[in-house]
Structure formats: C-alpha cells, structure tokens
Amino acid sequence: MEKGLVIKNISDIFTVLVNNEKIECKCRGKMRLDKQIPLVGDFVFIDKNNKTIEEIFPRQNEILRPHVANITKGIIVTSCKNPDFSTNLLDKLVVELEINHIKPIILITKKDLVDNEDFKLIKNNLSYYESIGYKVLYNTEIDKIKKELENNISVFMGQTGAGKSTMLNKLFKDLNLETGEVSIALGRGKHTTRHVEIIIKDKIKVLDTPGFSALSFLAYTKENVRDAFIEFKKYPCEYKDCFHFKESECNVKKAVLDSKILKSRLDNYVSFIQEFESKRW
Ligand SMILES: Nc1nc2c(ncn2[C@@H]2O[C@H](COP(=O)(O)OP(=O)(O)OP(=O)(O)O)[C@@H](O)[C@H]2O)c(=O)[nH]1
Ligand SMILES: [Mg+2]
Ligand SMILES: [Zn+2]
C-alpha cells in the first residue's frame, strides 16, 4: 500500500500522485458500497498492482462548491465585468470558506473592462472587505499571488468566465489550460473547465475548478452561516443568539444604519438565511 494524493477525477477514474508518478486508479468495490467517494485533494492508500484506492485518510476539511478536500487557502476569483461584479456571489464564497475555516483571498480580474467611475464603486466594496481582514489582489500582481500560493493547497473558485484558468495560465507559463467562451461555440454548455484538477509546481499546489451556477447552504446550519460573517461579532446584540433578521433590537442592523457594516453584507446574509426559512416546512 502506498500513500498518494488524488489530483483528478474524471468519470470515477482517479488520478493519484504517488512519489511524482501519476497512477490512474479505480475505487475498491467495498468503498463504493460504503459510499466512500474520494475527492480531489484526498490523501489515500492505493494498491499499486491492482490500481485501486483502498482507503481515504481523514479529511482536514471538505468544501461543497467545488466539492474538494484538504484545502488550506481559497482564492475567490472575482471579475469586475463579464460576469459583473457581485457582492452576493462574493459573500457566498467567503461564507463557504469561513464555515470550513479556510482563509479567503479575493482576486480581482478584468479591471481593464470597467471605466474609472465603475471601478470606484467596486473599489469601495473591496476596501470594506480589506477593512474586515480579507486580502484583495489583482490579476496583474503575479509575484504576490505566487507568494500566497506557496506551501498551500489552494483552490481557485468563482463564477464561470471570471478568469480562473486564464489566471493560472498567467502564473504558470507552460500550463495551457483551456479558457474562454469557445465552449459555447462547441455546444458543450457554458463552463470551459469541466473537472477539478490539482496543478503542482514546486511548492505550489493549486486547484482549477469549474465555475458554479448555484450554491446552497442547506448542508450547513443557520448558526454556521451567521458566524461566517466575521465582522458581525464586533457588534454584540442584546439577545446573545440574535440572528440579525427578525429581531427588532439588533446591534448589527444598527451598525449598518451607522455605516459601520456594509449594507450589502447584511442584505446578502439575510438572503442566505431566508433559504433556511423557506425550507422549514
Ligand atoms: N479583458 C479581460 N479578459 C479576461 C481577463 N481574465 C480573463 N479574461 C477572459 O475571460 C474569459 C473567461 O476566462 P476563463 O479563464 O476561461 O474563465 P474561468 O473562470 O476559468 O471559467 P470556467 O472554466 O468556465 O469556470 C476568457 O476569454 C479570458 O480571456 C482580464 O483580466 N481581462
Ligand atoms: Mg476555467
Ligand atoms: Zn443582532
């Protein structure tokens, strides 16, 4: 039995990296029966002769969109335009990472597609995220980005077309990941990247992933989602278990009125929480 890292899964053929060698494996039948499905990012024991995955190591974490394991850093690729900048989407991904105790970094693309006026609005939002402790980088800052990726297993996540694969091609010149809107022309749907894959370069391990269309929090709890809005905790409410939603006396709501919390943060939070309310019955 040898230990390896699952770097790709296409139609249940798992590519496992064992001592710099890529071995294509299937899952042992028993694992399939136990519904134990390896994820990209999983450390596994393989039987090299049978080319089977025999066992999955316990996971540090498991995120759902994209569905991967053992991530240490989340790079939220966010475009200024095409697709439009959206705090709702940004907050969804920040929450997904915070719930799993993974540090988010916001990576901005397509600044060249907006004029100064429009960029100012985006920049105002980004300054707020920086003020609550999130790093914001631009896709032109190659060295800074590489520094962030070193000694981590990082996942590039974000909307389809945001520029995840393009950014990775820029970082690693010989990569040649498929990018662009070509997939529409070829009639394969709108996602250019169609599977998750770990790219390994020296001290960097990074996952390219397909963009997502829907992200639900129902696999988590309302408390998980609330606590993922990290700056809300700076404004303790009278009711210790306040959900900053239907409660009338609420210091988080007050902080929004006082312009201490960005209004879209509370709006997005409420929209996420409402998902739980509508699924209650
Ligand atoms: N103008 C401009 N175009 C960019 C920039 N970054 C990426 N693009 C373009 O945006 C399009 C989509 O880029 P991709 O890298 O394929 O996007 P993706 O996030 O990997 O998309 P999926 O794989 O579908 O999830 C391509 O045509 C890129 O050339 C940028 O900074 N400026
Ligand atoms: Mg892509
Ligand atoms: Zn409150």
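This briefing walks through a predicted model, topic by topic. Local features are given where pLDDT is at least 70 and side-chain atom pairs count only at pLDDT 80 or more, while totals for chains, interfaces and linings use all residues. Residues are numbered from 1 along each chain as its sequence is written, and chains are lettered from A and ligands numbered from 1 in the order in which they are written. Helices (H or I, at least four residues) and strands (E, at least two) are DSSP runs, numbered from the N terminus.

**Around the ligand**

- Ligand 1 is surrounded by 21 residues, where a residue is near a molecule or strand if its C-beta atom, placed from the backbone, lies within 6 Å of it.
- Helix 5 (residues 164-171) gives the largest share of the shell, with 3 residues.
- By type, the shell holds 14 polar, 4 charged and 3 nonpolar residues. Here Ala, Val, Leu, Ile, Met, Phe, Trp, Tyr, Cys and Pro count as nonpolar, Asp, Glu, Lys and Arg as charged, and the others, Gly among them, as polar.

- Strand 5 (residues 52-56) pairs with strand 3 (residues 21-27) in the parallel sense over 2 bridges; two strands pair if DSSP finds at least two bridges between them.
- Lysine 26 has threonine 52, in strand 5, as its bridge partner.
- Strand 5 is also joined to strand 4 (residues 43-47), by 4 bridges, and these two run antiparallel.
- Isoleucine 53 in strand 5 stands opposite isoleucine 46.
- Strands 4 and 5 form a hairpin with 4 residues between them, and lysine 51 in the turn has a positive phi of about 55°.

**Strands 8 and 9**

- Strand 8 (73-79) and strand 9 (residues 103-109) run parallel and are joined by 7 bridges.
- Across this pairing, valine 77 stands opposite leucine 107 in strand 9.
- Strand 9 is mostly covered, as 5 of its 7 residues are buried. A residue is buried if 20 or more other C-beta atoms lie within 10 Å of its own, exposed if 12 or fewer, and partly exposed in between, with C-beta atoms placed from the backbone.

- Strand 13 (residues 204-208) has 4 of its 5 residues buried, so it is largely enclosed by the rest of the structure.
- Strand 11 (residues 153-157) pairs with strand 13 in the parallel sense over 3 bridges, and isoleucine 153 stands opposite lysine 205 in strand 13.
- Strand 12 (residues 197-201) pairs with strand 13 in the antiparallel sense over 5 bridges, and glutamate 197 has aspartate 208 as its bridge partner.
- The hairpin of strand 12 and strand 13 has 2 residues between the strands, and aspartate 202 takes a positive phi near 50° there.

- The axes of helix 2 (87-99) and helix 9 (residues 263-278) come within 10 Å and cross at roughly 65°. Axes are lines fitted to C-alpha atoms, for helices over the stretch in contact, and angles run from 0 to 180 degrees between N-to-C directions.
- Helix 2 and helix 9 are therefore roughly perpendicular to each other; angles under 35 degrees count as roughly parallel, over 145 as roughly antiparallel, 65 to 115 as roughly perpendicular and the rest as oblique.

**Backbone features in the loops**

- Most residues other than glycine have a negative phi, and most peptide bonds are trans.
- A cis peptide bond with omega of about -5° joins arginine 65 and proline 66, and proline 66 lies in the loop between strand 6 (62-63) and strand 7 (68-69).
- Another cis bond, also with omega of about -5°, joins asparagine 82 and proline 83.
- Asparagine 82 lies in the loop between strand 8 and helix 2 and has a positive phi of about 50° although it is not a glycine.
- Asparagine 82 is partly exposed, with 14 other C-beta atoms within 10 Å.
- Asparagine 176 has a positive phi near 55° and sits in the loop between helix 5 and helix 6 (182-185).
- With 9 C-beta neighbours inside 10 Å, asparagine 176 counts as exposed.
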